[in-house]
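Please look through the structure shown below before reading on.

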Amino acid sequence: MSSFNSIKWKHYANYIAVAAFTIVFAVLSLVGGLKTSDIYMLEKIAIAIMLAVSLSMVVGFLGELSLGHAGFMCVGAYLGGKTAAVLEPLLGEVPTLLISLLVGGAVAAIFGVIIGLPALRLRGDYLAIVTLAFGEIVRTVFMNSSSESFGGSLGLPTPRFDKNFLFIIAFVLVLGCLAVTQNLIRSKHGRAITSIRDNEIAARATGINVTKYKLIVFTVSSFFAGIAGVLYSYSNFTIQSTNFSYNYSIEILVMVVLGGMGSINGSIIAATLITFLDVKLQTILTGNLAVLQDLFYALILILIVIYNNAPALKGFREAHNFKNLFNKFKKHSPEHIHDDEAKWDRVPTKINMDEVLSVDIQVSSPYTPDKTDKEDK
Amino acid sequence: MKFIETLINGLSMGSTYAMIALGYTMVYGIAKMLNFAHGDVIMVGGYMIFVTMASLGNPILGLLAAVVFCVALGVTIEKIAYKPLRGASPLAVLITAIGVSYLLQSTAQIIFGSAPKMVNVADLGNVKFAGLTVPVYILVTLGCSMVIMLVLSVFVKYTKTGRAMIAVSEDKGAAQLMGINVNKIIMITFAIGSALAAFAGFFMLMKSPSLNNTLGAMPGIKAFTAAVIGGIGSIPGAMLGGMLMGVVEAISLTIPAIAPYTDAIEFLILIVILLVRPTGILGKKRREKV
């Protein structure tokens, strides 16, 4: 019983949710209950989740703004797509997929290091503009490439994986992405990363190698953006460089922000919802009405950011947030615990040495610095 | 000769960029935020010129209407979207600005449709002197923006309001203690930036008459890049960066081999300059304190 309780189920909830989601739809697709458009939507959702989670590492946990995430995806899509197109006749479907995923991810990761290096010298707004510039450079270069190399303005034709299975592979990769990201964030290194977000100078002063961690985050984040790019190239017949403009980077950023900064679950939910709405609204709102969708997104984005961040609304937010709402319904809120109620029969009699020696890091209650720290700057 | 023509063209493009960059840099200097929606104010100004010209037929009246409307718009945006977030994290403000940018673009599309509108501001023809053939609109753009920038520099340096702006950009808290109404100064800054954007929209329509809801997006980003190259927060820096950007763009567009890569070259210059000087050419170094 005690070992069952010691597993932090909260930490595995999103794996289980994503896996269950995948299994349900995999079964549905095997039974034949899914239309081609639904499968395409599932592929898009997986790609969006991967992009949002990887961007969330940079924006939500490292605290640096990146406006070039679509650029990393673009690199992965083109390199992976090209590799796939070349290797497909030679090696067959599955080895090609694996190799092109690796190639796309690795090249994007290398670009992540290249962009991460200036990130060490620049902060905040300056870094945002450099990543934006990077995304536009990548796009321009691919757009003007010769038709033999990367297809140029006509787009690069890519092979398409068996359409019933690509979304399953994509979701398995999402699980992998979640595993890497969450294990990194919940480890000692993750604490170092969030401490850089909260106060870089203080983090440096406590002996954290800021350079190393920034590079790690940029590399991992761009690796997964590259993987998402390869998936994108598999899910579409051709890759057009115009699809990777900075508007797309911002769309990913919107997912991260709507989901809540520094919340991976939030990113997953927001990515799923936005992609779902995107696809569904595209079929409902046609012609001139299509722009209404953008209008709503813009309004929702502004309202949510103001609601979540406005200093004047702080009191209102604290009085009406989700956690307090749930606490009202809980029988045992912290005030009701008395010493007498401690259940003595559940005190373990045997000491587990592993538990004594290990350090338990509580991720569920993250450290929140005083607001006064920031105002001094 | 060809080179001098290119250079004049570049300076004219650069002065348009500089006008937009001034809006970015002044707002950054004073409100410490990147106003991503600034490029779209240009677009709104463009549509205002279109509407006025369609009803009254006079480009100058169109420009005036655009300036008035953009000033009102800029101040309203600041009041509704940015003011509640004063004191919040810079990222939150930036994302709101992105939201405002999308809001303006989609509203314009709802009102005017997605098909481009043609706005023939004025056909001024060409002028020839000393073996050079230069379109008149280039000279008008160059002349007007020079005058505007000169007036702006004088305004900031020698008037009470201008000095108050400098004071707020140096230290908001101290400025407030000296009796400066910070909110009013920020409002004035947004008003000036938006007025400059309306002028920039007018110059852009003189250059090419096609107007749609993304008119300001790319020039906005490039002008923002120019502001960062010059050193964001610095008014001479924005002018210098804008001019540099325009000249590079004009030269690059005349060389067939690199013309398609013009955008990439401009952004590459930004990255290189930021690597050498992380705060831009004329930017001040700021010591970070814990």
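Which residues touch the most other members of the largest nonpolar core? They are A:A46, A:M50, A:A52 and B:C70, in a core of 201 residues. A nonpolar core is a set of buried Ala, Val, Leu, Ile, Met, Phe, Trp, Tyr and Cys residues joined through C-beta atoms within 7 Å. A residue is buried if 20 or more other C-beta atoms lie within 10 Å of its own, exposed if 12 or fewer, and partly exposed in between, with C-beta atoms placed from the backbone. In soluble globular proteins, nonpolar side chains tend to be buried together.

The model is predicted: local features need pLDDT of at least 70, side-chain atom pairs count only at pLDDT 80 or more, and totals for chains, interfaces and linings use all residues. Residues are numbered from 1 along each chain as its sequence is written, while chains are lettered from A and ligands numbered from 1 in the order in which they are written.

Chain A has 377 residues, of which 40% count as buried. Its secondary structure comes to 17 helices and two strands; helices (H or I, at least four residues) and strands (E, at least two) are DSSP runs, numbered from the N terminus. Two residues are in contact if their C-beta atoms, placed from the backbone, lie within 7 Å. Among the contacts in chain A with a separation of 6 or more, 81% join residues 24 or more positions apart.

Leaving aside residues up to four places away in sequence, A:A52 touches A:I252, A:M255, A:V256, A:G259, A:S267, A:A270 and A:A271.

Two packed helices are described by the angle between their axes and the distance between the axes. The axes of α3(A) and helix α10 (residues 210–235) of chain A come within 9 Å and cross at roughly 170°. Here axes are lines fitted to C-alpha atoms, for helices over the stretch in contact, and angles run from 0 to 180 degrees between N-to-C directions. The two helices α3(A) and α10(A) are therefore roughly antiparallel to each other; that term applies to angles over 145 degrees, whereas those under 35 count as roughly parallel, 65 to 115 as roughly perpendicular and the rest as oblique. Residues making this contact include A:A46 and A:M50 of α3(A) and A:F218 and A:F224 of α10(A). By type, the residues of the contact divide into 18 nonpolar, three polar and two charged. In this division, Ala, Val, Leu, Ile, Met, Phe, Trp, Tyr, Cys and Pro count as nonpolar, Asp, Glu, Lys and Arg as charged, and the others, Gly among them, as polar.

Attention now turns to the place where the chains meet. The contact takes 37 residues from chain A and 40 residues from chain B. On the side of chain B that touches chain A, α4 (90–112), α9 (217–230) and α11 (262–276) of chain B each supply at least two residues. The largest share of that side, 15 residues, comes from α4(B). Its residues divide into 28 nonpolar, nine polar and three charged.

Within chain B, the loop between α1 (2–31) and α2 (38–55) contains B:N35. Is B:N35 buried or exposed? It counts as buried because it has 31 C-beta neighbours inside 10 Å. B:N35 and B:A97 are 62 residues apart in sequence, yet their C-alpha atoms are 5.7 Å apart in space. B:K32 is found in the loop between α1 and α2 of chain B, and B:K32 is partly exposed, with 16 other C-beta atoms within 10 Å. Phi of B:K32 is near 55°, a positive value in a residue other than glycine.

Of the 18 residues of α2(B), 15 are buried, so this helix is largely enclosed by the rest of the structure. After α2(B) comes B:G57, whose phi is positive, near 80°.

Helix α8 (residues 182–207) of chain B holds B:T189. This residue, B:T189, is buried, with 25 other C-beta atoms within 10 Å. Leaving aside residues up to four places away in sequence, B:T189 touches B:M26, B:V27, B:I30, B:A31 and B:M165. As 20 of the 26 residues of α8(B) are buried, that helix is largely enclosed by the rest of the structure.
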